[in-house]
Amino acid sequence: MNLTIADVRLTPILVADPPLLNTQGVHQPYTPRLIVEIETADGVTGLGETYGDTKYLELARPFADKLTGRQVTDLNGLFTVADELAVDSSRVSGQVDVGGLRGVQTADKLRLSVVSAFEVACLDALGKALGLPVHALLGGKVRDAVEYSAYLFYKWADHPEGVVGEKDDWGAAIDPAGVVEQARKFKERYGFTSFKLKGGVFPPDEEIAAVRALAEAFPGHPLRLDPNGAWSVETSLKVAKELGDVLEYLEDPALGTPAMAEVSAGLRGAARSASAEGGGGRRAGVPLATNMCVTTFAEIEEAFTKDAVQVVLSDHHYWGGLRNTQQLAAICRTFGVGISMHSNTHLGISLAAMTHVASTVPNLHHACDSHYPWQSEDVLTERLTFTDAKVTVSDAPGLGVELDRARLEFLHRRWLDDDGTLRERDDAAAMRITDPEWVTPSMPRW
């Protein structure tokens, strides 16, 4: 058995994306992704997937060149190789990642987002070579299926007039009734029993009304709200008080760890007061979750010591892969912090990787996020399926998925034919097609 890496192939693609709204703007009709293939000397190919914007490609290409001749088992060596990559200073910023769209601003975060795809591809290839599923390489699964949550968005019915995009049958959702109808479709099609609404789009009172409408339409179903840091501390506390009896958690209501710590302290104080008055404090005790202020190991200490978050939403793309995700889960378990998984626009390779690592995490107490139902296109020969909100963990070698090369070439051709407009995800630019005066809102927005 020869596990030497003989070839690495990188294929940037553009995949269809619906007009989903968020605090920064709206999704473009197509979004960039990068597909990674690692082939061993024995002809075994492993697959990985990550973001496809130029700043990732600029690192992925020289990274790929350095891997030929190395072993697919040398997973720790991937980080050593990444540390040697120079990052263009124009690609990084010390500012808070407003909107949390990537979880990536610093050079180290950028490198980790590239490493993640190569680590998954190496694990996929190694699993295929050994005849073992990826979850076995990670220590073994503790569950046979992984539960996911419906990811609800405020949404336009179509992309703006004159913009070429793919049609979908989801319809518009710009008010509470539209959000409830969207949730009904998610439940009917995939069996989802928990719902997360991407907020920060409309004034908080409107989003409170939407969550209340969901609670009425789906009594007892876990609900989440994520405004991507769009609110002040005061607004965050107001919303938490209004919705504390129905929210499973409130995700990134305020921007950054210091603000989140203020919100958390305010909630603790309110809970103590309510308890002293005989109210039990339940309404004010909603946990805070994050995928924005805890995105690297270096950010854990401040967030945990200040009790700024009670649930961390991991994402193997920007944490550096599946093994780092397991390490994060172990740290959270040690400190009594909940763990689940965040998602961004992704295809089946990433969903398969998420499912494998999630199956190995013993303290996964919250259903994971997934954009996958929103993606009408994929690069796999067979789409992964949700049954009663769950994805079955594959026991086939590797990730258990197969690449559709004709489909990959079609989506790559779309990327080649693009004039560069869509090769960078830019929700603000997409919004300006409808509203020429649109600028990314300053935070807090409300």
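In this predicted model, strand E4 (residues 30-40) is joined to E1 by 11 bridges, and the two strands run antiparallel. Both belong to an open sheet of three strands, ordered E1-E4-E5 and paired antiparallel. The edge positions are taken by strand E1 (5-16) and strand E5 (45-51), each of which pairs on one side only.

**Sheet geometry**

- From one strand to the next, the twist averages 20°.
- Within the sheet, Leu10 stands opposite Val36 in E4.

**Helices across the sheet**

- Helix H3 lies across E1, E4 and E5, and its direction is at about 160° to E5.
- Helix H13 (residues 405-417) lies across E1 and E4, running at about 65° to E1.

**Phe118 in helix H3**

- Phe118 is a residue of helix H3, which spans residues 107-130.
- With a relative accessible area of 1%, Phe118 falls under the 20% cut-off and is therefore buried.
- Beyond its neighbours within four places in sequence, Phe118 is in contact with Val8, Leu10, Val36, Ile38, Ala60, Phe63, Ala64, Leu67 and Leu78.
- Among these contacts are Leu10 and Val36, the residues that stand opposite each other, with Val36 in E4.
- Phe118 and Val72 are 46 residues apart in sequence, while their C-alpha atoms are 9.5 Å apart in space.

Terms used: Residues numbered from 1 in each chain as written. Predicted model: local features only at pLDDT ≥ 70, side-chain atom pairs only at ≥ 80, totals over all residues. Heavy atoms only, no water. Helix = DSSP H or I, 4+ residues; strand = E, 2+ residues; numbered from the N terminus. Buried < 20%, exposed > 50% of the residue type's maximum accessible area, 1.4 Å probe, protein only. Contact = heavy atoms within 4.5 Å. Pairing = 2+ DSSP bridges. Axes fitted to C-alpha atoms, helices over the stretch in contact; angles between N-to-C directions.
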